[in-house]
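Please examine the sequence and the three-dimensional structure shown below. The report that follows describes selected features in turn.

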Amino acid sequence: MLSCKDFLKELSEYLDASATPANKAELDQHLKQCPDCWVVADTTKKTIQVYRGTEPRAVPDSLRLRLLAALEARMKARRTQ
Amino acid sequence: MAEPSEVFDEGDLIARAKAGDDTAFTELLSRYERKIYRLAKNITQNDEDAEDVMQEAFLKAYSHLDSFQGNSKFYTWIVRIAVNESLMKLRKRKSDKLVSLDEQVDTGEDMVPREIAVWEDNPEAQYSQEELRGILDKSVESLAPIFRSVFVLRDIEDLSTEETAEALGISIPAVKSRLLRARLQLRERLTRFFRRKGGNVLAFL
């Protein structure tokens with residue numbers, strides 16, 4: 001059977017569904033028999049999900065206005081070229 | 001402010017922007033400003049740097065629009081510009097001793113899980129939106145820059161392994177090994193907040 005260390009090395013591939021079918025079968029087998037690795041895999045999966053599910057914050061108004069003003073200056077320069 | 005409308009096809013917007021239609025470029029900016037700002041903030045971990053990066057990235061994109069080929073997505077292109085700017089900022093901050101992106105860190109020690117505990121069924125629900133953001137931001141901030149930048153691009157901004165390697169100028173195996181370490185370190189940190197309380201925390205020992 002795969003060791004826990006070997007399982008961990010393949011964890012990203014397993015979670016990203018990029019493991020080969022043979023490899024995945026071996027990893028699945030390890031998970032069935034190793035509660036610790038099951039917890040690590042499950043909580044790592046949730047770690048990724050919680051970050052993926054977060055919407056970006058709004059850009060501060062002051063920054064947006066500054067950027068638009070700088071952009072407007074470039075746009076004007078381009079138009080008068 | 002109204003949400004950017006998604007009615008215009010992106011290819012169409014880029015074609016119009018290239019042809020000199022500035023409102024098309026402003027529309028592209030509205031679509032991606034939040035994500036680029038988040039990326040800059042996450043990589044630089046500094047408000048002032050993040051603002052500079054965001055501004056530079058969009059100004060450069062506007063000035064170099066002609067060189068955008070359209071064989072990659074506009075988003076991937078502007079991400080690459082913003083990553084470059086962010087890394088320059090990081091390198092300038094000499095006080096940060098961990099800025100080298102080429103640094104070899106590997107003993108495998110950091111991969112051994114310490115916290116092994118199941119999480120609450122819906123751990124996010126225990127915290128307010130603001131508290132949750134605070135926990136997630138602080139946890140990302142705690143990562144060394146070489147791990148943080150990979151995690152930010154792969155798992156927050158959703159770039160592929162290849163796109164991440166290209167944006168950071170590192171190899172694909174380096175992306176994979178750093179991503180794994182970043183994920184495992186974040187898992188440890190988040191477990192402190194999200195572990196199942198009461199009940200049988202040590203269920204598997």
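## Overall organisation of chain B

Chain B contains eight helices and zero strands, where helices (H or I, at least four residues) and strands (E, at least two) are DSSP runs numbered from the N terminus. Along the sequence, chain B therefore reads α-α-α-α-α-α-α-α. The model is predicted: local features need pLDDT of at least 70 and side-chain atom pairs count only at pLDDT 80 or more, whereas totals for chains, interfaces and linings use all residues. Residues are numbered from 1 along each chain as its sequence is written, while chains are lettered from A and ligands numbered from 1 in the order in which they are written.

Of the 205 residues of chain B, 37% count as buried. A residue is called buried if 20 or more other C-beta atoms lie within 10 Å of its own, exposed if 12 or fewer do, and partly exposed in between, with C-beta atoms placed from the backbone. Among contacts in chain B between residues at least 6 apart in sequence, 66% link residues at least 24 apart; two residues are in contact if their C-beta atoms, placed from the backbone, lie within 7 Å.

## The two domains of chain B

Chain B is divided into domain 1 (10–92) and domain 2 (109–194), with bounds that come from an automatic or database domain assignment. Taken over C-alpha atoms, the centres of these domains are 24 Å apart. Ten residues from domain 1 and twelve residues from domain 2 take part in the contact.

On the domain 1 side, helix 2 and helix 4 (74–92) of chain B each supply at least two residues. Helix 4 of chain B gives the most, with five residues. By class, the domain 1 side has five nonpolar, three polar and two charged residues. Here Ala, Val, Leu, Ile, Met, Phe, Trp, Tyr, Cys and Pro count as nonpolar, Asp, Glu, Lys and Arg as charged, and the others, Gly among them, as polar.

Two packed helices are described by the angle between their axes and the distance between the axes. Helix 2 and helix 3 (residues 47–63) of chain B pack at about 145 degrees, with axes 9 Å apart. Axes are lines fitted to C-alpha atoms, for helices over the stretch in contact, and angles run from 0 to 180 degrees between N-to-C directions. Among the residues making the contact are B:Phe25 and B:Leu29 of helix 2 and B:Val53 and B:Phe58 of helix 3. The contact comprises eleven nonpolar, one polar and two charged residues.

## Where chain A meets chain B

In this interface, 28 residues of chain A are in contact with 33 residues of chain B. Helix 2 (11–15), helix 4 (35–52) and helix 5 (61–79) of chain A each supply at least two residues of the chain A side. Helix 4 of chain A gives the most, with twelve residues. The chain A side divides into 16 nonpolar, five polar and seven charged residues.

## Positive phi values in loops

Most residues other than glycine have a negative phi. A:Ala17, however, has a positive phi near 55 degrees, and lies in the loop between helix 2 and helix 3 (21–33) of chain A. A:Ala17 is exposed, because 7 other C-beta atoms lie within 10 Å.

B:Asp158 has a positive phi near 65 degrees and is found in the loop between helix 6 (145–156) and helix 7 (161–168) of chain B. B:Asp158 is exposed, because 11 other C-beta atoms lie within 10 Å.
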